[in-house]
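Reader: I am new to this structure. Could you walk me through a few of the words used to describe it?

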Amino acid sequence: MKDLTPRREDLDPIEIASRDEIAALQLERMKWSLKHAYENVPFYRDSFDKAGVHPDDLKSLSDLAKFPFTVKQDLRDNYPFGLFAVPREQISRIHASSGTTGQPTVVGYTKNDLKMWGGVVGRCLRASGLRPGDVLHNAYGYGLFTGGLGIHGGAEQYGLTVVPVSGGMTQRQVRLIEDFGAKGMTVTPSYSLSILDEYAAQGLDPRESPLEVGIFGAEPWTNAMRTEIEAAFDMHAVDIYGLSEVIGPGVANECVETKDGLHIWEDHFYPEIINPETGDVVEDGELGELVFTSLTKEGFPIIRYRTRDLTRLLPGTARSMRRMEKITGRSDDMIILRGVNIFPTQIEEQLMEVPELAPHFQIELVRPGRMDEMHIHVELAEGTSADPTAVSHRFKGLVKSHVGVSVKVQVATTGKVARSEGKAVRVVDNRPKG
């Protein structure tokens, strides 16, 4: 793989500023953000008043812990525009969730917000090893989902040539990567595996593709999958993080030269880690739930938003800003099976230890009797002649010894496990309701 480390002189000065400089800027911007939310969003005014706090109570960054949390249900309760802090006429773009699990959540952006969003996305793309003039194959979904348009706007602002292919039509994905000479690809990690399968189906060697870096986000993925993808494509694989409630993609990104966690752009997004049960802030280095406060957003400020993502904060390395460890899972997608807490990424880690199995999998939860069971659907790797029964037995043993639960494994032939064209559906709950 090529050395894609960006030149230090190309970085924004704040990326390599001292911690004191960063903290001073954060405090100044946090005071503005709290005041902006309190004076312009009735929800925040009521929330702060009920908690007995006022924006003027913020004297230091640690004082943020006095302020109440915001959760996803608050966004649903204020549908559609109740959390906007500017008149609707000043909103240049609206994004929203699908609403498949309830009332959609809606976010809005002013012109300044879009410029800021483009700037942090540009930082992410630069940190990933891309340079102005490079071709970016953007396979994130376009539309109300923030992924496609968020990356697109930032890539254009940064100076890349963007191919807005979106998801789906995998045969065309491969052709465009090859024909247009894409140096970078933005995509969910699960869909990149589908693109990899398509390379094999077309008789092409992905290691000979023009791709030099893949930028993966929108779902948790493991370092084991990183190793698999990097070896298959002979390219760098880095992690990008974001969520629509905070801005969209571009909140944090791995630096290609270190790949040791995602540097958070702390001049725009202030992170905290809390104990998900008590809500108390924990020290840097401790595992907990990630919470964000926006520092510069005009249209849709967000104060202490509980992301449900589990990670820990670490000191900066390639940049001065703190890193977050790769997301291990979400406090709301954790599976509790016979008293054991399990995340899909733990299953993925063990799957990667069995070379006879492809990296595609799906977890099915069932209750045939009184007890819940976990069935894991996997498939044989292409070209393997291994005995499915023996492979299943070995995989079950790895899950039992490393995760701590007994599971049933169903090994299918190549191509039979459901593929993703966007975010992977890792868990299907078929347990009786009620």
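Author: Gladly; what follows is a short talk about a predicted model.

Reader: Why is aspartate 267 called buried?

Author: Buried means under 20% relative accessible area. Aspartate 267 has a relative accessible area of 4%, so it is buried. Its place is in the loop between strand E9 (262–264) and strand E10 (269–274).

Reader: What makes the pairing of the side chains of aspartate 267 and arginine 123 a polar contact?

Author: A polar contact asks for N or O atoms within 3.5 Å. The side chains of aspartate 267 and arginine 123 make theirs at 2.7 Å. Leaving aside neighbours within four places in sequence, aspartate 267 is also in contact with residues including Ile14, Leu25 and Met321.

Reader: How do you know that helix H9 is largely enclosed by the rest of the structure?

Author: In helix H9 (residues 344–351), 6 of the 8 residues are buried, so the helix is largely enclosed. Pro344, Thr345, Ile347, Glu348, Gln350 and Leu351 are the buried ones. They pack against several elements, among them helix H8 (223–233), strand E19 (373–380) and helix H10 (388–402).

Reader: What makes up the lining of the second largest pocket?

Author: The lining divides into 9 nonpolar, 2 polar and 5 charged residues. The pocket itself has a volume of about 280 Å³. Of its 16 lining residues, the closest to the centre are Asp197, Ala358, Pro359, Ala381 and Glu382. Helix H7 (189–201) and strand E18 (357–366) are the elements giving two or more residues to this lining, and H7 gives the most, with 5 residues.

Key: Residues numbered from 1 in each chain as written. Predicted model: local features only at pLDDT ≥ 70, side-chain atom pairs only at ≥ 80, totals over all residues. Heavy atoms only, no water. 1 Å grid on protein atoms, 1.4 Å probe; cavity = no way out; pocket = protein on both sides within 12 Å on 5 of 7 lines; lining within 4 Å. Points joined across faces, edges and corners; volume = space filled by probe spheres on them. Helix = DSSP H or I, 4+ residues; strand = E, 2+ residues; numbered from the N terminus. Nonpolar A, V, L, I, M, F, W, Y, C, P; charged D, E, K, R; others polar. Buried < 20%, exposed > 50% of the residue type's maximum accessible area, 1.4 Å probe, protein only. Polar contact = N/O pair within 3.5 Å; in protein donor to acceptor, adjacent residues only side chain to side chain. Contact = heavy atoms within 4.5 Å.
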